[in-house]
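User: I've got a model open on my screen and would like to walk through it with you. Can you take my questions one at a time?

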Amino acid sequence: MKPGRVASFVNALLRNRSPRAFDPDSEDAEAIRAAIELRAAQPGAAEPTDDFIRELQGRLRERFESTSTVDAGDLSEHQTTEAFAHRTLTRRRMLEGAGIAAAAAALGVIGDRVLEHAPANRELSQQALVPDNGHWVTVASGDQVAASRLTAFKTEDVVGFIVNEAGILRATSGVCTHQGCLLKANEAASRFDCPCHGAAFALDGRVLFHQFKGQLAPLPTLEVRRAGNDVQVLLPPPKSA
Amino acid sequence: MAECAPPEETPPFSLGALGHDADRNTAARSGSHTDGDTIRRLNSVGSEAYPDWEAIYLDNVKRLYGLMYSRVGNRSDAEDLTSEIFMAALRPLRTTASKPEVRAYLVATARTTLAAYWRRKLGVEITSIDVDSAIQFIDETPPDKDSTDRAEAVLSQLPDRYRRILELRFLQSLPLREAANEMGVSVGNAKVLQHRALRLAAQVAKDVVP
């Protein structure tokens with residue numbers, strides 16, 4: 001039992017502030033749950049302020065109406081449309097949360113492989129995804145990558161970006177290392193943005209910023225090469241193999 | 001590394017986590033609660049679509065905030081989580097999606113966001129959004145028993161002074177000093193009283209039907 005920590009957690013609730021993280025035992029957890037239930041019962045507690053509603057609306061507008069991106073968006077759009085194509089709405093299916101689930105499933109492989117290599121308690125270093133028995137897969141043409149600095153690509157197992165800096169090519173994963181959301185290329189700011197929780201990565205995969213308490217892993221990089229007019233990345237053998 | 005949960009443990013939208021709950025709940029209730037009923041209930045919300053993202057936002061922000069407040073118990077986090085949910089959910093949404101689809105998507109995002117919040121705060125899911133709450137959110141139906149009823153049921157079982165300190169502090173949001181004055185005790189006593197009352201309330205709450 002950690003009465004002091006529980007008390008400061010509860011005090012934060014009573015001041016409508018974000019309480020500090022700690023590691024509660026089950027009795028602590030129950031006291032906190034009871035405190036939240038009581039707070040929820042305050043008259044009018046559940047009403048957001050008008051200021052908050054306006055301010056968030058402004059932020060959302062900024063976010064959705066002024067993004068200059070090389071669009072990896074057609075990928076997620078595709079996934080989402082597909083997921084919403086199920087016309088019969090069962091409760092269960094609806095609550096499965098369309099859209100991102102499909103995207104996450106498509107990305108599962110790269111996520112698994114990266115995390116598999118990561119020991120539990122570690123410095124989060126950048127993983128270069130260099131499979132032992134990999135094969136080169138063409139993901140873009142030389143013309144495509146010459147035309148813009150950032151080119152999104154997608155294979156059966158991997159979503160990523162080719163970064164062309166003055167003719168030198170790099171490839172990184174296009175999947176946020178937090179929960180597997182698809183990153184958006186933000187060319188204006190030279191970074192990859194995660195639409196889910198606001199994390200951002202540099203074009204070489206380093207973490208620029210995020211809002212999480214712990215560490216966030218950098219984006220894995222992929223081997224990339226030119227073969228004639230093809231741009232290829234080295235990938236693990238397909239899932240089915 | 002609770003924040004960076006591996007996808008296999010917590011996919012952004014768990015396929016089936018809610019589904020399994022739904023199965024259990026359906027089985028636990030009468031057999032008549034079928035998917036057919038659900039579809040009819042959901043359709044009663046109307047299958048028209050929202051004109052744009054702002055309409056989605058304005059139609060849902062208050063209730064979503066309320067849902068999150070009731071799960072985290074403080075304004076600051078309720079605002080942050082509400083923002084996080086809209087930021088994550090609005091972009092992938094097609095405006096051709098019907099109202100119930102949009103709301104289902106929002107509440108599924110809310111559920112994942114809340115789980116991640118508790119993982120990083122306390123490592124335990126103190127509160128969650130169950131299927132019934134999700135359906136209530138989608139249908140805009142008031143719950144059978146709201147949080148006030150439940151809190152009252154808990155408080156009514158506590159000794160007077162315990163009940164009083166919790167009412168003053170949690171429901172009326174009085175500062176500790178004022179609550180102490182109100183009860184004619186010292187600030188130190190009020191603090192101890194509040195602590196004990198909360199522990200007892202937690203015990204009682206376990207036996208009060210949700």
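User: How many bridges join β4(A) to strand β5 of chain A, and do they run parallel or antiparallel?
Analyst: Keep in mind that this is a predicted model. β4 covers residues 150-154 of chain A, and β5 covers residues 159-165. The two strands form a hairpin with 4 residues between them. They run antiparallel, and the number of bridges joining them is 5.

User: Which residue in β5(A) does L150(A) stand opposite?
Analyst: L150(A) sits in β4(A), the strand of residues 150-154. Its partner strand is β5(A), which runs antiparallel to β4(A). In that strand, the residue opposite L150(A) is V163(A).

User: How many of the 5 residues of β4(A) are buried?
Analyst: Buried here takes 20 or more other C-beta atoms within 10 Å of a residue's own. By that count, β4(A) is mostly covered. The number of its residues that are buried is 4 of 5.

User: There's also an open sheet of 3 strands in chain A; what is its order?
Analyst: The pairing in this open sheet is antiparallel. β3 (135-141) and β12 (224-227) of chain A stand at the edges, each with a single partner strand, so one side of each has no neighbour in the sheet. On average, neighbouring strands here are turned by 40 degrees against each other, ignoring direction. The order is β3-β13-β12.

User: Which residue of β13(A) stands opposite W136(A)?
Analyst: β3(A) and β13(A), the latter made of residues 230-235, run antiparallel and are joined by 6 bridges. Across from W136(A), the residue in β13(A) is L234(A).

User: Where does S190(A) lie, and what is its phi?
Analyst: S190(A) lies in the loop between β7 (184-186) and β8 (191-193) of chain A. With 14 C-beta neighbours inside 10 Å, S190(A) counts as partly exposed. It isn't a glycine, yet its phi is positive, at about 50 degrees.

User: Is A45(A) buried or exposed, and which residues does A45(A) touch?
Analyst: A45(A) is in the loop between α2 and α3 (50-65) of chain A. A45(A) has 21 other C-beta atoms within 10 Å, so it is buried. Leaving out residues up to four places away in sequence, A45(A) touches R39(A), A40(A) and Y69(B).

User: Over to chain B: where does helix α3(B) bend, and by how many degrees?
Analyst: α3(B) is the helix of residues 53-72. Just after α3(B), G73(B) takes a positive phi of about 75 degrees. The bend itself is at N60(B), by about 45 degrees.

User: How many helices and strands does chain B have?
Analyst: Of the 210 residues of chain B, 43% count as buried. Chain A has 7 helices and 13 strands, with buried residues making up 40% of its 241 residues. Along the sequence, chain B reads α-α-α-α-α-α-α-α-α-α. That comes to 10 helices and 0 strands.

Note on methods. Residues numbered from 1 in each chain as written. Chains lettered and ligands numbered in written order. Predicted model: local features only at pLDDT ≥ 70, side-chain atom pairs only at ≥ 80, totals over all residues. Pairing = 2+ DSSP bridges. Axes fitted to C-alpha atoms, helices over the stretch in contact; angles between N-to-C directions. Bend = angle between axes of the 7 residues up to and from the residue. Buried ≥ 20, exposed ≤ 12 C-beta atoms within 10 Å, placed from the backbone. Contact = placed C-beta atoms within 7 Å.
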